[in-house]
Amino acid sequence: KVADVNTAVTNLITREREVTKQGEDVKKQIHTHSQLIINLVQQSERQLVQQVDTVVQQKIELLTKQREEADTVLKQLKDCEEFVEQSLKVGTQQQILREKQNMVQVMRTVNQDVNPVV
């Protein structure tokens with residue numbers, strides 16, 4: 001009977017070692033898979049950040065272009081306003097009527113420029 005108990009103890013010790021080794025192997029697998037998932041998430045994060053940067057840059061460029069166009073239209077309108085004021089101060093009635101016709105044409109052009117901006 002002692003020999004049977006010794007065999008049982010030896011078998012239990014061997015089994016404890018196997019279980020411990022299996023536990024370590026599972027922990028290593030968990031760590032490896034976790035690192036893989038973390039790397040994939042970080043890669044996805046970098047891609048998303050790059051996409052956001054690209055979209056923001058495109059929108060900024062578009063807004064800058066629209067602002068520049070609006071500034072140009074504003075300058076044209078101010079120039080027209082100044083010209084009309086000068087014409088009213090120094091022009092004859094016929095000159096003013098001719099300038100009115102010219103200004104109507106200029107305003108059409110300015111309005112065509114403004115419509116795509118707004």
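A salt bridge here is a side-chain nitrogen of Lys or Arg within 4 Å of a carboxyl oxygen of Asp or Glu. By that rule Asp71 pairs with Arg67, their closest N and O atoms being 3.8 Å apart. This is a predicted model, in which local features need pLDDT of at least 70 and side-chain atom pairs count only at pLDDT 80 or more, while totals for chains, interfaces and linings use all residues. Residues are numbered from 1 along each chain as its sequence is written, and side-chain values use heavy atoms, with hydrogens and water left out.

**Overall form**

The protein has two helices and zero strands; helices (H or I, at least four residues) and strands (E, at least two) are DSSP runs, numbered from the N terminus. Helix 1 has 89 residues and spans 130 Å from its first C-alpha to its last, close to the 132 Å expected at 1.5 Å a residue; that expected span is 1.5 Å times one less than the number of residues. Along the principal axes, the C-alpha atoms fill a box of roughly 135 × 20 × 15 Å. The radius of gyration is 41 Å, whereas a compact globule of 118 residues would come near 13 Å; the radius is taken over C-alpha atoms, and the globule rule is 2.2 Å times the number of residues to the power 0.38.

**Burial and surface**

Buried means under 20% relative accessible area, exposed over 50%, and partly exposed in between (1.4 Å probe, protein chains only). Of the 118 residues, 5% count as buried. In helix 1 the buried residues are Val73, Cys80 and Ser87. The protein exposes about 10,500 Å², with carbon and sulfur atoms supplying 57% of it; areas come from the Shrake-Rupley method with a 1.4 Å probe, and for residues only the protein chains shown count as cover.

On the surface, Val5, Val9 and Ile13 form a nonpolar patch with about 230 Å² of accessible area together. Patches are made of residues with over 30% relative accessible area and no salt bridge, joining like charges within 9 Å and nonpolar side chains (Val, Leu, Ile, Met, Phe, Trp, Tyr) within 5 Å.

**Salt bridges**

The whole structure holds four salt bridges, among them these:

| Pair | N to O distance |
|---|---|
| Arg15 and Glu18 | 3.3 Å |
| Lys21 and Asp25 | 3.2 Å |
| Asp71 and Arg67 | 3.8 Å |

Arg15 and Glu18 are about one helical turn apart because three residues separate their positions in helix 1. Lys21 and Asp25 lie four residues apart in helix 1, about one turn, and Asp71 and Arg67 are likewise four residues apart there.
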